[in-house]
Amino acid sequence: MNKTTVSAHDVAAAAEIIRDGGVVAFPTETYYGLAVDPFNEKALHRLFQVKGRPGLKPVLLLVAGRSQLAQITGPVPETAEKLMDRFWPGPLTLVLPSRPELSSYITGKTGTVGVRLSPHPAATALLGACGIPLTATSANRSGEAPAETAEEVRAIFGSQVDFVLDGGRTPGRIGSTLVGFEQDGIHCIREGCIPFREILAAV
């Protein structure tokens, strides 16, 4: 079993916990993230409590594929589609118009939602088992360094996280690049793994 592999049994157990409103830590292509059902208000509230996160700070979501975008976003700009073609799956978070009914825990009352398609096999397996988008806020106390390993997740949160899907050490170092969209083009919200110059070149 290589460092990114997780067992089907563990994936199924993690998915069941998420469906029941629990919090699951799982590996991504950057750091470990915390997954809850983004349509479960109680689960979102608990996620914010676990992280000690400010109430109006948005939470990004992972999707299993573009077909899930309709559950969480409004119309997707053509430029965003081009960036998906070029950089997804990968560490590029696109900040898109959100569906109006999406929780303010997710949007931070901005009217937008950050979305990414992860290439990590454990994240892909978990999303596939759940069948819905999942939160992927970094596994850390708000303002502290994100966890790169399952052991670090357990040290930070203990029993506050219901399940840790152990996929080995994540790359760490730097998070995803966040890109927003306006009528006059795109703008860099946070530069991460992908240099913004590469994103500009792609559009």
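Predicted model: local features only at pLDDT ≥ 70, side-chain atom pairs only at ≥ 80, totals over all residues.
Helices here are DSSP runs of H or I with at least four residues, strands are runs of E with at least two, and both are numbered from the N terminus. The axes are lines fitted to C-alpha atoms, for helices over the stretch in contact, and angles run from 0 to 180 degrees between N-to-C directions. Contact means heavy atoms within 4.5 Å.

Residues are numbered from 1 along each chain as its sequence is written, and side-chain values use heavy atoms, with hydrogens and water left out.

Strand 1 (residues 24-27) pairs with strand 8 in the parallel sense over 2 bridges. I found Ala 25 opposite Val 164 of strand 8.

What is the strand order in the open sheet of 6 strands? I read it as 6-3-5-4-9-10, again with mixed pairing. Strand 6 (134-135) and strand 10 (185-190) are the edge strands, each pairing on one side only.

I then went through strand 4 (residues 92-97). Its partner strand 9 (residues 177-182) runs parallel to it, joined by 4 bridges, and Thr 93 stands opposite Leu 178 there. With strand 5 (residues 112-116) the pairing is antiparallel, also over 4 bridges; Pro 97 faces Thr 112 on that side. Strand 9 and strand 10 are antiparallel and share 5 bridges, with Gly 180 partnered by His 187 of strand 10.

Why is strand 4 largely enclosed by the rest of the structure? Of its 6 residues, 5 are buried, so the rest of the structure largely encloses it. Buried means under 20% relative accessible area, exposed over 50%, and partly exposed in between (1.4 Å probe, protein chains only). Helix 3 lies across strand 4, strand 9 and strand 10, at about 160° to strand 4.

**Nonpolar cores**

I checked the cores next: a nonpolar core is a set of buried Ala, Val, Leu, Ile, Met, Phe, Trp, Tyr and Cys residues joined through side-chain atoms within 4.5 Å. The largest has 42 residues, and Trp 88, Leu 92, Leu 94, Val 179 and Ile 199 have the most contacts inside it. Helix 2 gives the most to this core, 5 residues. A second, separate core has 20 residues, including Ala 15, Val 24, Ala 35 and Ala 122.

Trp 88 sits in the loop between helix 3 (78-87) and strand 4. Buried or exposed? Trp 88 comes out buried, at 9% relative accessible area. Leaving out residues up to four places away in sequence, Trp 88 touches Val 63, Leu 69, Leu 83, Leu 94, Val 115, Arg 116 and Leu 117. With the sequence neighbours within four places left out, the contacts of Leu 92 include Phe 87, Val 115, Val 179 and Ile 199.

**The aromatic pair**

How many aromatic pairs does a search of the whole structure find? I got 1. Ring centres of Phe, Tyr and Trp (its six-membered ring) must lie within 6.5 Å to pair; planes under 30 degrees apart are stacked, over 60 edge-to-face, and the rest tilted. Phe 48 and Tyr 105 have ring centres 4.9 Å apart and planes at 55°, so this pair is tilted.

The charged end of Arg 53 sits over the Phe 48 ring, 5.9 Å from its centre; the rule asks for NZ of Lys or CZ of Arg within 6 Å of the ring centre and within 35 degrees of the ring normal.

**Thr 149**

Last entry: Thr 149 lies in the loop between strand 7 and helix 6 (150-157). Thr 149 is buried, with a relative accessible area of 7%. Its contacts, apart from neighbours within four places in sequence, are Tyr 32, Gly 168 and Arg 169.

Notes:
Pairing = 2+ DSSP bridges.
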